[in-house]
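Please go through this structure one region at a time, with the sequence and the coordinates open side by side.

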Amino acid sequence: MIGREREMEALSAFYENSQTNILTVLGRSGMGKTSLLKEFAKNKQCLYYTAYSTTDQQQRALFAKAAEYTYEDDIPTLDDILGKVTEMSEEGRAVLIIDHYCDFVKTDDYYQKTLHEYMSEKWTRGRVKLILCDSSYLQMEKLVNGPKSVWKDMSPITVELKQLSFHDSVKFLENADPLTASEIFGITGGITVLLETANEELAAGLDRKDTIWRIIERIFLSKFYGFRGSAENVLDKELREKAYYDRLMYSLANGCQRVNQLSEKLGRPKDVVVPYLTTLMKLGLVKKENPVTEPTNRRKTRYSLVSDHDRFWYQVIVGRYDEYTTGDTESIREYWEENRDAFMKPVFTRICREYLVRRSDENKLPFIINNVGNWWENDETTGTSIDFDLMATGEAEGKSAYAFGRCFFQEKEVDMVDVKELIDLTKKIHNKVTTFYLFFSVSGFAENVRTVSQTIRNIMLIELKDML
């Protein structure tokens, strides 16, 4: 499973551990939950059932079919079907996987109660391992992981599938050059099913700009497109009051990161906006950040979207909704190509951050990273922030160390003006520690920058092609 090695290891550890017998798998649609679980189920005694939003009678009929329960007239009861799992467990450890678990529970209250009775009374001592899977974070919190859940006494553990890293995403993209791969990573947000779609378009052999546009058309502009993992579908499924959340996502995608800015955009007081943000964080759509050196400074807290795929939708498509609804795709393409570098800058910063952490974990940096993020200083007059793109704290040769990074997604090479600007900015953080200056670029570095980096050991130059 590309990029899901840790999740597979977690499932295997769960299977071998007789003390923990219930596990939940969470993740937005398209992340590869079903593929992961089916791979895990291979060579095991396993009943895999994908529930459907339907009546009790049809749910039992579908469940019985999945269990290969043969019958002639009356549809088997839920006890009859679960009895098949009991029979399996008599021959060794059995696994019951219920995908779309929320649809299973919604059929009738007795479904979850009966399943809990089997796990607590009949399938004890690890005879049956129960895996519950769904894409609904809020419902699964209520039904399985919350303090009022019937499962709270069994201490379920959770495996969450998040977007793939750039390092893993490129493994889906056959023959893509680094620049094309980085753009596809931004557009798809590292979502497995969208990466597979993008790879199909790569096979056409078009030039980079046309390939990227074909991928955008297929993912976002097709009249038949209805990706279930899109942010709007998540909001529709999880929330009753969608409008303000939708506006909040749009505002975040277009550069509003602080609560006072978001309050102004929504026309709602800050004490109302914060709970909205908390809900979006529970859904895995939004993240909260603080400067890496000031983790508790609430005045500097800012928010952003987790997925660049969502940011593309709200920034590029929703921002041109008239053109989208009238089918004026040329105007959308023109906007995209004019604003590509601005959109890709945060994507490239994410790629650089992942690379930095990976290299630190592999002990291939001259310093060890303990914490990585960013640092910024707010300008209250203009409502803007001055920041590095990356900042890491850690150790080098047994002493405290800082690493400051700038990420350049631009057509021109990084020159000495860029180098000086970063070094000058670091003076705002007064701390006598070992300091490293990191420059990441998609277009390379000017000759004088390369010369300086060869003479000053704490300046590091990294190109996109080196990060694959």
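Predicted model: local features only at pLDDT ≥ 70, side-chain atom pairs only at ≥ 80, totals over all residues.

**Sheets, helix contacts and a pocket**

One of the positions to look at is alanine 396, whose bridge partner in E12 is lysine 399.

Strands of a sheet pair through backbone hydrogen bonds, either parallel or antiparallel. The next sheet is open as well, with five strands in the order E2-E3-E4-E1-E5, and here the pairing is parallel. Its edge strands are strand E2 (45-50) and strand E5 (157-160), each of which pairs on one side only. The twist of this sheet averages 20 degrees from one strand to the next. Strand E1 (residues 22-26) runs parallel to E4 and is joined to E4 by five bridges. Leucine 26 stands opposite aspartate 134 in E4. Helix H7 packs on this sheet and touches E1, E4 and E5; the direction of H7 makes about 175 degrees with that of E1.

Two helix pairs come next. Helix H13 (residues 242-253) packs with helix H15 (residues 270-282) at an angle of about 85 degrees, and their axes are 11 Å apart. Angles of 65 to 115 degrees count as roughly perpendicular, and H13 and H15 are therefore roughly perpendicular to each other. On the H13 side the contact is made by Tyr244, Tyr245, Leu248, Met249 and Leu252, and on the H15 side by Val273, Tyr276, Leu277, Thr279 and Leu280. By class, this contact has nine nonpolar residues, one polar residue and no charged residues.

For H12 and helix H16 (residues 308-317), the packing angle is about 95 degrees and the axes are 9 Å apart. H12 and H16 are therefore roughly perpendicular to each other too. Here Ala231, Glu232 and Leu235 in H12 meet Asp310, Trp313 and Tyr314 in H16. The residues of this contact divide into four nonpolar, no polar and two charged.

Now to the empty space. Rolling a probe the size of a water molecule over the atoms shows where empty space is left. The second largest pocket has a volume of about 940 Å³. Which residues are the closest to its centre? Of the 39 residues that line this pocket, they are Ser29, Lys33, His100, Ser135 and Arg228. Several elements give two or more residues to the lining: helix H2 (33-41), helix H5 (101-107), strand E4 (128-134), helix H7 (137-145), helix H10 (192-202) and helix H12 (231-238). By class, the lining of the second largest pocket divides into 13 nonpolar, 14 polar and twelve charged residues.

Key. Residues numbered from 1 in each chain as written. Heavy atoms only, no water. 1 Å grid on protein atoms, 1.4 Å probe; cavity = no way out; pocket = protein on both sides within 12 Å on 5 of 7 lines; lining within 4 Å. Points joined across faces, edges and corners; volume = space filled by probe spheres on them. Helix = DSSP H or I, 4+ residues; strand = E, 2+ residues; numbered from the N terminus. Nonpolar A, V, L, I, M, F, W, Y, C, P; charged D, E, K, R; others polar. Axes fitted to C-alpha atoms, helices over the stretch in contact; angles between N-to-C directions. Parallel < 35°, antiparallel > 145°, perpendicular 65-115°, else oblique. Contact = heavy atoms within 4.5 Å. Pairing = 2+ DSSP bridges.
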